Amino acid sequence: TARTLVPGLSVLAHLEKLETQVNRSRKKLEEPQGAQAVESSLGTKIRDKLRSEVKQRQARVAVRDTSVEPDQTLEISEQKAWERKRENVKAILQAYRFTGLSGKLTSRGVCVCIHTAFEGTLLDSYFVDLVIQKPLRIHHHSIPAFIPLEEISAKYLQTNIQHFLFSLCEYLNAYAGRKYQADQLQRDFAAFLAGPLQRNSLCNVLSFTYKVELRGQAFTFCARLLYKDLTVTLPTDVTVTHQGMDTLPTSWEEQRASHENLFCTKALHKVFASFTQREKLDMSLVH
Amino acid sequence: MDSELAEVRALEAEIAVLRPACEEPPAPGGDAASVRKSFPEIYQSDSEGWESSKDLRSNLGHLESELLFLSTLTGISIRNYSKKTETLTSPEMAEKSIKKVLQRHRLSGTCHMISFQLEFQILEVQNKENLSSVITDLNIIMEPTTTYSELSEFVSRAEERRDLFMFFRSLHFFVEWCEYRKRTFKHFKEFDPLEDLERHVTWFELVIVWRIQTDEEGKVVPKLDLLTKVPRQALELDKKGVVETAAVGFRALLSVLGIEAALESLLSVLCMEHGGQSPQ
């Protein structure tokens, strides 16, 4: 019997064959004497085979632990070197995920995984299953419908696949970043919001009302954030308006203007974090 | 007869004992057990056991070709990677069933003519509800720094934000633009209008400065500017103020025609002025 990848299995398979033989013989032979003779001879065969297998395994383990014979040592160290090389290649393949793009060969082509993150926080992953044919085509994917996949494919898929992939990366990472900021606002700074945060699925149109307290006064502002460029995580247009019948005192008008600027330059949840800090500072100054 | 029967029974008993010793040990669970949302397990571990070296090498060959394919597909070639894992525990964390793992990664490779070396840390926090992974530190070393001074811009931004993916995205687009710039210059260099101009008095110099910059979001943008070096005499003769508006005019040309066409137009104008040939 040839050595297969899993030797134990070949022995077991052999065992099973022998055992069925024993059972068959048991049924066939009428004479109990004859049957037992067959049984015992087959049984002996089975037992001897098992004994030799156990011995071999024990020997192998001993060799693996303490390579005594020089020939075997060379074989084993060569084997170990190949194994080490393989582990290294496997590790590098896994490490591709850190570039934001990883992939696995399929029977049709390749399944590319696009990973997203926002300022260090790792977020969702998406995949695009490509069929390598002329023309190149997408077999299936997990890209959300509001990402302009068709547009990007039409532009780059056939002529520059790298550009196609990295462009998708841009869109997906930007979307993931905007979504993350909106989620963080709802999760950690709900106390500031005077009403629900309104957002679209692309998270590129956000609208919310928030109250700010400073030096004993409180005002409500309405903010509208527009991200016209789908590959950015900071808004392209911001309007902050005062909610209320009364006119805004000058100092508060300055506040309103500064908020508009803040939303343009800082991540959404970070802006509110700075509000929290300022309120704390304010409170500490008062008391 | 009885003795034979006894022998068979004895054999059966011995077989029953020897059998389990020959069965394959259960495959070890290992690290692969944690399947995370962010990084789906796209890799299956090979079966354990004593492989023949032929199988091992063929498996290795298959993996290496997969690696080559990935590096061609992405344009990024990872040469080396290593990681260290440290589990941080404290009795308070154990109580709340919070598990923290700190991973230290080291990655190096190339993207065309640029080589990079990264060291970063990822903190994984697992509590009852979810698993979060955050890059807590990022260090990037790039080469060559002198040829591509614009690189340091987005490197420091990426490090500040610990935005690993932005770094690779920007790197890709940066390299793409560099290649395009090289090709464009090569194309125009083959046709050299200055040869013709030098026959006449050199009235002025036109310098095209082509920078590749990255903005706040890590987007790579080419910036072209036309600089003129004109002797005062020439300026005095320039009644229409063409030289003054040259830079602005060029920028307008860029936005309308794109880089290649704008450069071509500029050069054709120069050549036609001096009766030379226009570029192909």
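A:Cys113 is buried, at a relative accessible area of 7%. Buried means under 20% relative accessible area, exposed over 50%, and partly exposed in between, with a 1.4 Å probe and protein chains only.

I noted the basis of the entries: this is a predicted model, in which local features need pLDDT of at least 70, side-chain atom pairs count only at pLDDT 80 or more, and totals for chains, interfaces and linings use all residues. Residues are numbered from 1 along each chain as its sequence is written, chains are lettered from A and ligands numbered from 1 in the order in which they are written, and side-chain values use heavy atoms, with hydrogens and water left out.

**Cysteines, continued**

B:Cys111 is buried, with a relative accessible area of 3%.

**Chain A overall**

I recorded 7 helices and 8 strands for chain A. Helices (H or I, at least four residues) and strands (E, at least two) are DSSP runs, numbered from the N terminus. Chain A has 287 residues, of which 45% count as buried. Its accessible surface is about 15400 Å², and 54% of that belongs to carbon and sulfur atoms. Such areas come from the Shrake-Rupley method with a 1.4 Å probe; for residues, only the protein chains shown count as cover. Among the contacts in chain A with a separation of 6 or more, 41% are between residues 24 or more positions apart. Contact means heavy atoms within 4.5 Å.

**The sheet of chain A**

I traced an open sheet of 4 strands in chain A, in the order β5-β6-β7-β8 and with antiparallel pairing. β5 (198-199) and β8 (237-242) of chain A each have a single partner strand, so one side of each is left without a neighbour in the sheet. Two strands pair if DSSP finds at least two bridges between them. Strands β6 (residues 205-214) and β7 (residues 217-226) of chain A are joined by 10 bridges in the antiparallel sense. Within that pair, A:Leu214 stands opposite A:Gln217 in β7(A). Helix α6 (residues 250-265) of chain A packs on the sheet and touches β6, β7 and β8 of chain A; its direction makes about 155 degrees with that of β8(A). The axes are lines fitted to C-alpha atoms, for helices over the stretch in contact, and angles run from 0 to 180 degrees between N-to-C directions.

**A:Asn173**

I then turned to A:Asn173, in helix α5 (residues 161-188) of chain A. A:Asn173 is buried, at 4% relative accessible area. Leaving aside neighbours within four places in sequence, A:Asn173 is in contact with residues of both chains, including A:His115, A:Thr233, B:Phe165 and B:Arg169.

**Backbone**

The peptide bond from A:Lys134 to A:Pro135 is cis, with omega near 0 degrees; A:Pro135 lies in the loop between β3 (121-131) and β4 (137-141) of chain A. In chain B, the bond from B:Glu143 to B:Pro144 is cis, with omega near -5 degrees.

I also checked B:Ser97, a residue other than glycine with a positive phi, near 50 degrees. B:Ser97 counts as partly exposed, at 36% relative accessibility.
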